[in-house]
Amino acid sequence: MASSTSFTVFLSPPNPSLSPSSSPTILLPSAAAAATCALPLRISTFSHSSSSTTTAKRRNSFSVSAAARSLEALIFDCDGVILESEHLHRQAYNDAFSHFNVRCPTPANSSFSDEPLNWSLEFYDVFQNQIGGGKPKMRWYFKEHGWPTSKVFENPPDNDADREKLIDILQDWKTERYKEIIKSGTVDPRPGVLRLMDEAKAAGKKLAVCSAATKSSVILCLENLIGIERFQGLDCFLAGDDVKEKKPDPSIYLTAAKKLGVSSVDCLVVEDSIIGLQAATGAGMSCIITYTPSTADQDFKEAIAVYPDLSNVRLKDLESLLQSVVPAKS
């Protein structure tokens with residue numbers, strides 16, 4: 001009878017004190033050893049909370065299977081993964097609110113604010129990780145806080161058609177403003193992204209980008225940040241306009257797998273937030289996280305690895321993860 005063996009993989013916690021080039025400690029068994037492993041491979045992930053001096057440990061189990069997954073397609077999110085864009089989007093939203101003099105009711109609903117709506121950094125850090133897509137964000141906010149007065153409508157819109165018109169106008173203007181910021185040349189891709197994309201293409205892997213953002217703004221981002229040649233070389237590109245439901249709904253990743261002609265289990269997604277992680281796992285795909293300052297404290301226990309960025313991550317590392325680690329079925 002073969003002897004039983006188990007392995008433990010330790011992923012260091014998201015830590016604000018880590019330098020951008022820091023990477024988690026990952027101790028993986030060799031592929032041969034993993035293949036003969038009689039017990040499940042255990043992966044321990046950790047969650048860091050900036051409000052506490054202690055680190056809470058969470059454990060997530062995966063099993064090693066002889067029928068291992070094979071990395072056939074690497075799929076990137078855009079905002080937060082290819083570029084750190086949260087502050088750029090917030091700036092563009094606030095510029096749109098100011099331009100159209102968008103004023104929401106006060107908490108008592110007896111009058112309207114004296115100043116245009118302005119989403120604070122603290123609010124947006126949480127908000128942008130709860131609701132994906134620009135129009136859904138504004139639609140939710142106005143439903144919760146009251147529909148505003150604006151240059152578009154002197155009185156708050158009181159029917160669905162006018163409300164959608166307001167949302168459309170604000171989103172279109174915000175998108176154009178965001179494009180101006182990207183075109184300014186002051187934005188760079190996150191570390192390791194371009195190299196990893198090039199490694200994947202050179203190895204014959206399918207390469208895709210799936211973003212919940214507006215298609216025109218994503219195209220502009222990609223052309224300016226990864227270059228036109230890389231963008232045109234993508235095997236699949238999908239934006240929020242291409243699916244009915246936004247992340248965390250898995251539609252965008254299910255559509256990508258179909259367009260790429262690969263099984264969901266052979267895709268690996270690179271995300272930065274819990275919303276994206278839920279979308280990927282909901283589509284039956286494995287997912288790694290490259291977190292940002294605003295997502296570092298989220299619960300990423302369903303990810304197969306968590307990194308501060310991709311600067312020390314190689315394609316062979318991702319292939320090993322996908323080949324060796326298969327989510328255990330409940």
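## Y141 and its surroundings

Y141 touches C104, L117, W119, F123, F127 and G146, leaving out residues up to four places away in sequence; contact here means heavy atoms within 4.5 Å. Y141 is found in helix α4, where helices (H or I, at least four residues) and strands (E, at least two) are DSSP runs numbered from the N terminus. With a relative accessible area of 10%, Y141 is buried. Buried stands for under 20% relative accessible area, exposed for over 50%, and partly exposed for anything in between (1.4 Å probe, protein chains only).

## What you're looking at

This is a predicted model, so local features need pLDDT of at least 70 and side-chain atom pairs count only at pLDDT 80 or more, while totals for chains, interfaces and linings use all residues. Residues are numbered from 1 along each chain as its sequence is written, and side-chain values use heavy atoms, with hydrogens and water left out.

The chain's secondary structure comes to 11 helices and 10 strands. Of its 330 residues, 48% are buried. Take the contacts between residues at least 6 apart in sequence: 68% of them join residues at least 24 apart. The chain exposes about 15,100 Å², with carbon and sulfur atoms supplying 49% of that; accessible areas come from the Shrake-Rupley method with a 1.4 Å probe, and for residues only the protein chains shown count as cover.

Q128 lies in the loop between α3 (121–127) and α4 (134–145). Not counting residues up to four places away in sequence, Q128 touches E86, K137, I275 and S294.

With S294 there's also a polar contact, side chain to side chain, at 3.0 Å. A polar contact is a pair of N or O atoms within 3.5 Å; within protein, one must be able to donate a hydrogen and the other to accept it, and residues adjacent in sequence count only if both atoms are side-chain atoms.

## Helix α5 and its two partners

Helix α2 (residues 86–99) and helix α5 (residues 160–183) pack at an angle of about 130 degrees, their axes 8 Å apart. Axes are lines fitted to C-alpha atoms, for helices over the stretch in contact, and angles run from 0 to 180 degrees between N-to-C directions. The α2/α5 pair is therefore oblique: angles under 35 degrees count as roughly parallel, over 145 as roughly antiparallel, 65 to 115 as roughly perpendicular, and the rest as oblique. Residues of α2 in this packing include L88, Y93 and F97, and those of α5 include W173, R177 and Y178.

On α7 (residues 215–225), α5 packs at about 5 degrees with axes 9 Å apart, so the two are roughly parallel. T175, Y178, K179, I182 and K183 in α5 meet S216, S217, L220, C221 and N224 in α7. T175 is buried at 4% relative accessibility, and its side chain reaches the backbone oxygen of Q171 at 2.8 Å. Beyond its neighbours within four places in sequence, T175 is in contact with T214, S216 and S217.

## Under cover: α10

Helix α10 (residues 274–282) has I275, G276, L277, A279 and A280 as its buried residues. Their cover includes α9 (251–260), β7 (267–271) and β8 (286–290). Just after α10, G284 takes a positive phi of about 80 degrees.
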